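Please read them alongside the coordinates.

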Amino acid sequence: MKKYCYFVTGSQIWFDAAARLYREGIAKPVLWLGDDCHFEKARGMFGNDVVVRMLDFVHYQQKINNVDYSGENIGFFLSDNYLRAKDRCLKMMDRTDLYGSFGRLDREVIFNKLAIWTLTNLEKSKPDALIMAEAPHSHAQYLIYEICLYLDIPAAKFNTWVPVPLMFLEDMKTGTRQKKSYKVPSSVDKNITKELEKYISLISDLAVKDGYEADYMERQRFDSLIVNKFKSFIKSGLIIFIKDIYFHMRKFYKKEYLHINPYKIGIYGRKKIQRVRKKNLKDACEKNLDKLDLNQEFVYFPLHFEPERTTNPDGGRFHDQILAILELRKLLPSDVCIYVKEHPSQFYNPDKGSRGRSPLFYNLLKNIKNVKLIDPYENSIKILSHAMFVATVNGTVAIEAALIKKKALVFGYNWFHGCPNIISWDGNIKYQEFLNIKTSNANEIFDFFIQQKDLYSVPGCQNPSAEKSYKTFRTQDFLKSECSGVVHLMEEFLKGEGS
């Protein structure tokens, strides 16, 4: 029976798939880390030593004790994997930095503690592979992933499509997608294909639809209205607020050190910090805005919302978006402008957005030749239709561009890799050669997606958020196909790994 490390989300499919592989004698997890909704049932099936609390590994590392590290694979601390992991993990910790007080000294200690725990655990369990329900975007999971790479343990993640509920499994080291031989039921396949056709048709017509707004952006804008914020607070926010007060008071009276609030700031101080951080970010953006001129030659670079998985870790070396902008500036002639637009979600989701972007970032942009910051609420499709091409780390704006016969330069690795009109960045790319690349039409792009669906993809949703978005698809046939397809891909990947 194969042994594997397993990262899961809160979706039931990930428990069901692991249970089925175990019952059929195919594979068993030797390390389980993920959403704690599975904690009790997973421990009941796989054992206390296998299943660990995600809450502890991300938020309460002081509960992780008795590691007894004896120098196992100590070379990791002098490796490129260590430096890369540290750079990305310390940035991922911004997600938990609620009050701007989670300092580097504490982050490094937590990082190193999780490293010695992982090195000790993997030496004992000796897994054949690491399988992830999605890209590892908590610092704990990403660190374990890098250690697996250092130890030459094969790692694979499920990746999801955006317009339809499809997933595929890809090797994290090579980018190779796992081919499938599983036959998706025709009723499920037809429903997904129909929705894909609808998406392609919608985006292809965007050039004449200046009022277009993505569904998730419309929801965020709606939720940001004062009346809806109030309703949300009454529905769930009040309970969270009370729990937060109780949690901090308990830490205070127990004299326990809390790394995200080391100065024991009270409730009013914490709320003021969050409020001021939001205001500082928005004020800095507004102060540095430039006027949009659609008549000049320009390339469009819409920023990703941060902190978010699509940049860190999916952006790879370009998880810091400024690096992609600098490479783009180097590629382009100096007289070609780069219009950078902030993602409106940075302000629609201000509690998170202020953790993911420094107010100083906008001033940094102003110091790069012919880079201009434009209003976050400018219509993206209007800008895109006038741009020479679009550049992004991983945004779906690349697909929007491709479908209206605009080229896109992408710096990261994504689910639409290889799509016509979308070119992956490499250090050898030349400006004129890029401009001379022939563009394809929407039909060719649709054919590409159908091929990707048939060769590699199975019906499925990575997490509860996706399940909510695609609830109309989730019939009994879909759910059966989801489980069978996921198990099939995991089994096929594990067949080629270890003994």
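1. Rings of Phe, Tyr and Trp (its six-membered ring) count as a pair if their centres lie within 6.5 Å. On that basis, a search of the whole structure, which is a predicted model, finds 27 aromatic pairs.

2. One of these joins Y60 and F247: the ring centres are 6.0 Å apart and the planes meet at 45°, so the pair is tilted. The two residues are 187 residues apart and link distant parts of the chain, with Y60 in the loop between helix 3 (54–58) and helix 4 (80–92) and F247 in helix 9 (residues 226–253). Both Y60 and F247 are buried.

3. F361 and Y362 form an edge-to-face pair, with 6.0 Å from centre to centre and 80° between the planes. F361 counts as buried because its relative accessibility is 11%; Y362, at 0%, is buried too.

4. Ring pairs also connect Y4, Y6, F15, Y22, W32 and F46 into a cluster.

5. Which ring does the charged end of R53 sit over? The ring is that of F39, with the charged end 3.8 Å from its centre. R270 lies over the face of Y99, 5.7 Å from the ring centre.

6. T9 belongs to the loop between strand 1 (2–8) and helix 1 (12–23). Its relative accessibility is 7%, so T9 counts as buried. The T9 side chain makes a polar contact with the side chain of W14 at 3.2 Å. Leaving aside residues up to four places away in sequence, T9 touches W14, D35, H38, A133, E134, Q462 and N463.

How values were computed: Residues numbered from 1 in each chain as written. Predicted model: local features only at pLDDT ≥ 70, side-chain atom pairs only at ≥ 80, totals over all residues. Heavy atoms only, no water. Helix = DSSP H or I, 4+ residues; strand = E, 2+ residues; numbered from the N terminus. Buried < 20%, exposed > 50% of the residue type's maximum accessible area, 1.4 Å probe, protein only. Polar contact = N/O pair within 3.5 Å; in protein donor to acceptor, adjacent residues only side chain to side chain. Contact = heavy atoms within 4.5 Å. Phe/Tyr/Trp six-rings, centres within 6.5 Å; stacked < 30°, edge-to-face > 60°. Lys NZ or Arg CZ within 6 Å of the ring centre and 35° of its normal.
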